[in-house]
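Open the model in your viewer and get your selection tool ready. We will go stop by stop.

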Amino acid sequence: MLTLLLFKGLMGTGKSTLSQTVGKKMNWPVLNIDDLADVFVSRQLPDRQAACYDILFSVGESFLKQGFSVILESSLKGKEGFERGKQLARTMNAELKVIECFCSNETLWRERLETRPYRPNQLVRNWESFLEYREKALPDFAYKIDCPVLTVDTARDLETITSEVVTWLKEVN
């Protein structure tokens with residue numbers, strides 16, 4: 001059976017790094033919403049968040065139709081993205097799974113945020129502005145996930161986490 005794997009978590013928690021690593025291990029394509037958002041920002045296109053999710057799920061559907069399991073990586077801030085993933089998985093008869101990332105080491109988290117490569121769509125570029133964002137955004141992440149979910153602390157070793165995720169993906173139905 002095909003799998004639709006969604007990543008969830010605040011910026012800087014390691015979603016992109018982990019999703020790319022898992023994608024390589026599983027031979028699954030990875031679609032990152034930031035890649036789409038960068039195009040919208042560079043072309044000064046309005047309403048980028050809704051359009052980026054539209055494109056993300058549309059391309060994800062195309063991969064599933066071609067017989068590929070796929071990883072869609074975004075923050076999943078707000079339940080709408082998750083609900084859309086549920087609908088897509090149902091429509092395509094795919095297993096929906098979620099990896100929720102957090103970083104327990106705030107020093108490491110801060111370093112990640114402040115040293116990551118520049119992307120045009122990233123409006124939060126320092127720890128102080130991130131803390132303000134996080135305080136406002138946390139309620140948008142507090143929704144029930146009613147499918148298999150694995151919560152991972154990305155402060156740990158990437159190889160160890162990747163191995164745990166790959167094992168979980170193969171075992172959980």
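Select Leu76. This residue is buried, with a relative accessible area of 1%. Keep in mind that the model is a predicted one. Now check the backbone: phi of Leu76 is near 55°, a positive value in a residue that is not glycine. Most residues other than glycine have a negative phi.

Is Asn93 buried or exposed? Asn93 counts as exposed, because its relative accessibility is 55% and the cut-off for exposed is over 50%. Its phi is also a positive value, near 55°, and Asn93 is not a glycine either.

Move on to Asn126. This residue caps the N-terminal end of helix 6. Display the side chain: one of its oxygens lies 3.2 Å from the backbone nitrogen of Glu128.

Now select helix 6 itself, residues 127-141. Which residues of helix 6 are buried? Colour these: Trp127, Phe130, Arg134, Ala137 and Phe141. Then show strand 1 (3-8) and helix 5 (106-115). The buried residues of helix 6 pack against both of these elements.

Last stop: Glu135. Where does helix 6 kink? Look along the helix at Glu135, and you will find a kink of about 40° there.

Key. Residues numbered from 1 in each chain as written. Predicted model: local features only at pLDDT ≥ 70, side-chain atom pairs only at ≥ 80, totals over all residues. Heavy atoms only, no water. Bend = angle between axes of the 7 residues up to and from the residue. Helix = DSSP H or I, 4+ residues; strand = E, 2+ residues; numbered from the N terminus. Buried < 20%, exposed > 50% of the residue type's maximum accessible area, 1.4 Å probe, protein only. Contact = heavy atoms within 4.5 Å. Polar contact = N/O pair within 3.5 Å; in protein donor to acceptor, adjacent residues only side chain to side chain.
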